[in-house]
Amino acid sequence: MTASSSPSLTDLLHAAVTAVGGTERPGQVTMAEAVAEAVDGDSHLLVQAGTGTGKSLGYLVPALAHGERVVVATATLALQRQLVERDLPRTVDALQPLLRRRPQFAMLKGRSNYLCLHRLHEGVPQDEEEGLFDPFEAAAPSSKLGKDLLRLRDWADETETGDRDDLTPGVSDRAWSQVSVTSRECLGASKCAYGAECFAEASRERAKLADVVVTNHALLAIDAIEGAPVLPGHEVLIVDEAHELVSRVTGVATGELTPGQVNRAVRRAAKLVDEKAADALQTAAESFERLMELALPGRLEEIPDDLEYALMALRDAARTVISAIGNTRDKSVQDEDAVRKQALASVENIHAVAERIVEGSEYDVVWYERHDRFGASLRVAPLSVSGLLREKLFSERSVVLTSATLKLGGDFNGVAASLGLAPEGTGGAESPEWKGVDVGSPFDYPKQGILYVARHLSQPGREGGRKDMLDELAELVEAAGGRTLGLFSSMRAAQAAAEELRGRLDVPILLQGEETLGELIRNFAADARTCLFGTLSLWQGVDVPGPSCQLVVMDRVPFPRPDDPLMSARQKAVEEAGGNGFMAVAATHAALLMAQGAGRLVRASGDRGVVAVLDPRLATARYGGFLKSSLPDFWYTTDRNQVRRSLAAIDEAAKAEGR
């Protein structure tokens, strides 16, 4: 290689794959070439890369070779960890001699993910009484909270990052909230006594110097929505696990008001403003609370008069308190800046949400929600985030979106539409142009897996025990000798199935919620006879290759609940615009979850097994074809005896190998 020529992408990829101990796959090479082309040409790319493609190297290598700053945003902690602890260090080592430079990388998350030294040393501004509250003094050392806090105090002296995810084992949300702040509560580095040592500030500084910044979808959304940039400037954005992006952005753009949260704001503000301003906020909070006691769950297409008056009173009282807090100084309040900042953050949030609901944008959906433990809440979310994403995400940088599930019903256009993109090949001045590439999977799905649809079962109703489904489930699990991941449409269904099968079968059944997620997955992987049951939406990160997971069961097609206010509003909006709301919203939602669920079965080239869908509609309904074409290309059958024989044979083969 002459000094002037730069190394080829093939050489770079080969060096990186060798360094991480992988094997080169044709799909990975295709992906790397498509990413390089998009990045060099300042264009946008959607790339579907099946499990086992090695997609992180498929985008990291061309991005590092490009030489401009890259932001990689992922949805799950597991992937962030894998990138920062495994893939990036090894790739950088391997590419350095070829690139003749050493790319730097850093992780960046939202402020509340980092330990706050001010909170740790000065205590938490307390709601009930003047001054500060020392959680370390207040919590009994023997209590769970006390133990967590003492561990946090020790950890603060040894951690280099202050990142919550580096603390193992973790601590409860309650303990963490005593030692962290949101960006709104933060005093700012220049005003804080601990600004020079601040973990969150240090992570930002590292990100400014890095060539690759790894972050999460939530921070990417905040960066796009809030207007104040959190991420350093960058030329290339890579969104991994991109099928999750729309729901994460929607989550960040959702506002909420609850009586508890409003009362907390009242208590925090009361000691900082004059009696008149405090009383007005208190009165508004009381009328809001009375209304919320009567609130029935569901969408509010029109805001009722009494709620509108209550929200206007909250908004106006909050505005008065905000300006009053800005003007007061009270030296008798200990660590006054922190107390004021926390009070201001909670009152500003109430003002913003109340104002947003009162203004009543046609692009917002408002609804009441009731929770058994936390009571009622009032929520507001955007009807769609596609316009926001089109405007904020795709301007002034090249964007690569990748996932194992971006093609639904056979093309990319459904996912593209949710991101604000026009159908492929039709982009214009208003809508950015993009290209979709499916690099396939290294697995031989028709030989490695069977898709079984239990066509003979009764259709699932809204509620009900579905005895025939539970009988079928028990037979399948028995034939498989355990080895089952059960994915259910609701937590209630998962609990009912676990309870029923624990009474009927002699195999251990783990249930989501009974242990931490990590613990459950470890125990499931460790013993082949063990089964793991939980809800479909929470199992997208489960990666258990080998004989521990040879049967993946879905109890029903996971359509959104008919009473889900946001989904039904989105469906209605599509219909009013002349589209097919059911297919665009409900069927697309179900297809994505099913594709993710079915993707749990084959994780390595030696894996064999069955994906069983215990819902006859997949075989009989008009939309069944759309859903099936979103799943891996498994061998398909509705023959229950055939499937039982196959499961028993797979079980025998695994036992023969002593697994």
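Tutor: With ring pairs: rings of Phe, Tyr and Trp (its six-membered ring) pair if their centres lie within 6.5 Å, and planes under 30 degrees apart count as stacked, over 60 as edge-to-face and the rest as tilted. Here, ring pairs join Phe443, Tyr445 and Phe634 into a cluster. Bear in mind that this model is predicted: local features need pLDDT of at least 70, side-chain atom pairs count only at pLDDT 80 or more, and totals for chains, interfaces and linings use all residues. Residues are numbered from 1 along each chain as its sequence is written, and side-chain values use heavy atoms, leaving out hydrogens and water.

Student: Are Phe559 and Tyr623 buried or partly exposed?

Tutor: Buried means under 20% relative accessible area, exposed over 50%, partly exposed in between (1.4 Å probe, protein chains only). Phe559, at 21%, is therefore partly exposed, while Tyr623, at 14%, is buried.

Student: And the cores?

Tutor: In soluble globular proteins, nonpolar side chains tend to be buried together. A nonpolar core is a set of buried Ala, Val, Leu, Ile, Met, Phe, Trp, Tyr and Cys residues joined through side-chain atoms within 4.5 Å. The largest one here has 89 residues, and Leu419 is among those with the most contacts inside it. Another core, of 39 residues, lies apart from it and includes Ala269 and Leu300.
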